[in-house]
Amino acid sequence: MSDRHPIPNINIGQVYDQRYSDSEVHYDRLGNLAGFFGRNMPVHRHDRFFQVHYVKSGTVRVYLDDQQYIEAGPMFFLTPPTVAHAFVTEPDSDGHVLTVRQQLVWQLIEADASLLPAGVQVRPACVALAKVPAAYKAEARRLERWLEALSDEVATPHPGRDAALQSLTRLIMISLLRLCPNSREATPARHEDLKIFHRFNALIEAHYLEHWPLARYAQQIGVTEARLNDVCRRIADLPSKRLVLERVMQEAKRLLLFSGSTANEICYQLGFKDPAYFSRFFNRYAKLTPGEYRQRQAELL
């Protein structure tokens, strides 16, 4: 999947929610993460962490290693540590994202061998919950209840919160492992398209602060702008220009949340020359000015 380009390792606690940088369990609503990272999540991995995305509704395009899945919610996909993955959600998709340190999952499996046959590793899975056999329907309902309970526990700091989060996470992981045998078959993906798409995302990561025009990206990849745009629409259902803008927005939000820099200073850090233009750019995509975004996020913490 990497096509020889390094696949970035994302520690979500450090990049997105620094309050939980050392936690065994990190949870957030899918809509909140999409608001920060954008609809398109380029290929990446999570060393030492399992991650599950539970999508309630809307169609999701998922790439687990080189396997492509296009499924409608309710669905989940489970990504074991180090597995390269990418996905695109629809604008109104919501659900749950749970990131769990690998030791917690391994201890669970070691304590009960019935969860996984001896010598078998947890594999990536994409499960459409509306399509599981009747014998698994009750388990699918339990999984949704556990995730909603976890969401409530995170939102309200009751006594014994840490113990409750650990227990709910174990229940969720048990449900996931029970449901994983129903993983969908991958749909064919054009290898050349995937190679171009991942190469484009790698170049965005390296050069988005330089504000390259699309023509330069296309030239570096060795394709026309039209071909690049066609690939992005086919793989991510987004135009190529939007993918670049979403990466700039992600970094702008990160700096507003986690740095003490002023909006004007962030403007120049991001390669903009005019603070007024940066403010208009940010407002166009976030529907808030940089100052309003920072204040709103501070109120949510």
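## The sheet

Two strands pair if DSSP finds at least two bridges between them. Strands of a sheet pair through backbone hydrogen bonds, either parallel or antiparallel. This is a predicted model.

Take strand β7, residues 85-89. β2 (residues 40-44) runs antiparallel to β7, and 3 bridges join the two. Here histidine 44 stands opposite histidine 85 of β7. β4 (residues 59-64) also runs antiparallel to β7, joined by 5 bridges. Valine 62 has phenylalanine 87 in β7 as its bridge partner.

## Inside strand β7

Is β7 mostly covered or mostly open? It is mostly covered: 5 of its 5 residues are buried. In a regular strand the side chains alternate between the two faces of the sheet. Now look at β7. His85, Phe87 and Thr89 point one way. Ala86 and Val88 point the other way. All of these residues are buried.

Two packed helices are described by the angle between their axes and the distance between the axes. Start with helix α9, residues 240-258. It packs against α11 at an angle of about 105 degrees, with the axes 11 Å apart. That makes α9 roughly perpendicular to α11, because angles of 65 to 115 degrees count as roughly perpendicular. On the α9 side, the residues that meet α11 are Arg242, Leu245, Val248, Met249, Ala252, Lys253 and Leu256. On the α11 side they are Phe278, Phe281, Phe282, Tyr285 and Ala286.

Helix α2 (residues 30-37) also meets α9. The axes of α2 and α9 come within 7 Å and cross at roughly 105 degrees. These two helices are therefore roughly perpendicular to each other. Gly35, Phe36 and Phe37 in α2 meet Glu246, Gln250, Lys253, Arg254 and Leu257 in α9.

## Aromatic rings

A pair of aromatic rings is described by the distance of the centres and the angle of the planes. Rings pair if their centres lie within 6.5 Å. By this rule the model has 9 aromatic pairs. One of them joins phenylalanine 282 and tyrosine 293. Their centres are 5.6 Å apart, with 70 degrees between the planes. The pair is edge-to-face, because planes over 60 degrees apart count as edge-to-face.

This pair links distant parts of the chain, 11 residues apart. Phenylalanine 282 sits in helix α11 (residues 275-286), and tyrosine 293 sits in helix α12 (residues 290-300). Both residues are buried. They also belong to a cluster: ring pairs link Phe272, Tyr277, Phe278, Phe281, Phe282, Tyr285 and Tyr293.

## Serine 279

Serine 279 is in helix α11. Where does its exposure fall? Serine 279 counts as partly exposed because its relative accessibility is 25%. Leaving aside residues up to four places away in sequence, serine 279 touches Thr289 and Pro290. Alanine 111 is another matter. Serine 279 and alanine 111 are 168 residues apart in sequence and 53 Å apart in space, C-alpha to C-alpha.

Most residues other than glycine have a negative phi, and most peptide bonds are trans. Which residues does a cis peptide bond join? They are glycine 73 and proline 74, with omega about 5 degrees. Proline 74 lies in the loop between β5 (67-72) and β6 (75-79).

Histidine 211 is not a glycine, yet its phi is positive, near 55 degrees. It lies in the loop between α6 (191-207) and α7 (214-221). Histidine 211 is partly exposed, with a relative accessible area of 35%. Lysine 287 is not a glycine either, and has a positive phi of about 60 degrees. Its place is the loop between α11 and α12. Lysine 287 is exposed, at 64% relative accessible area.

## The annotated domain

For residues 198-296, an unreviewed UniProt entry lists "domain: HTH araC/xylS-type". Over residues 198-296 the chain is 76% helix and 0% strand. The end C-alpha atoms of this stretch are 33 Å apart.

Key: Residues numbered from 1 in each chain as written. Predicted model: local features only at pLDDT ≥ 70, side-chain atom pairs only at ≥ 80, totals over all residues. Heavy atoms only, no water. Phe/Tyr/Trp six-rings, centres within 6.5 Å; stacked < 30°, edge-to-face > 60°. Helix = DSSP H or I, 4+ residues; strand = E, 2+ residues; numbered from the N terminus. Buried < 20%, exposed > 50% of the residue type's maximum accessible area, 1.4 Å probe, protein only. UniProt positions renumbered as here; feature names shortened; annotations may be inferred. Contact = heavy atoms within 4.5 Å. Axes fitted to C-alpha atoms, helices over the stretch in contact; angles between N-to-C directions. Parallel < 35°, antiparallel > 145°, perpendicular 65-115°, else oblique.
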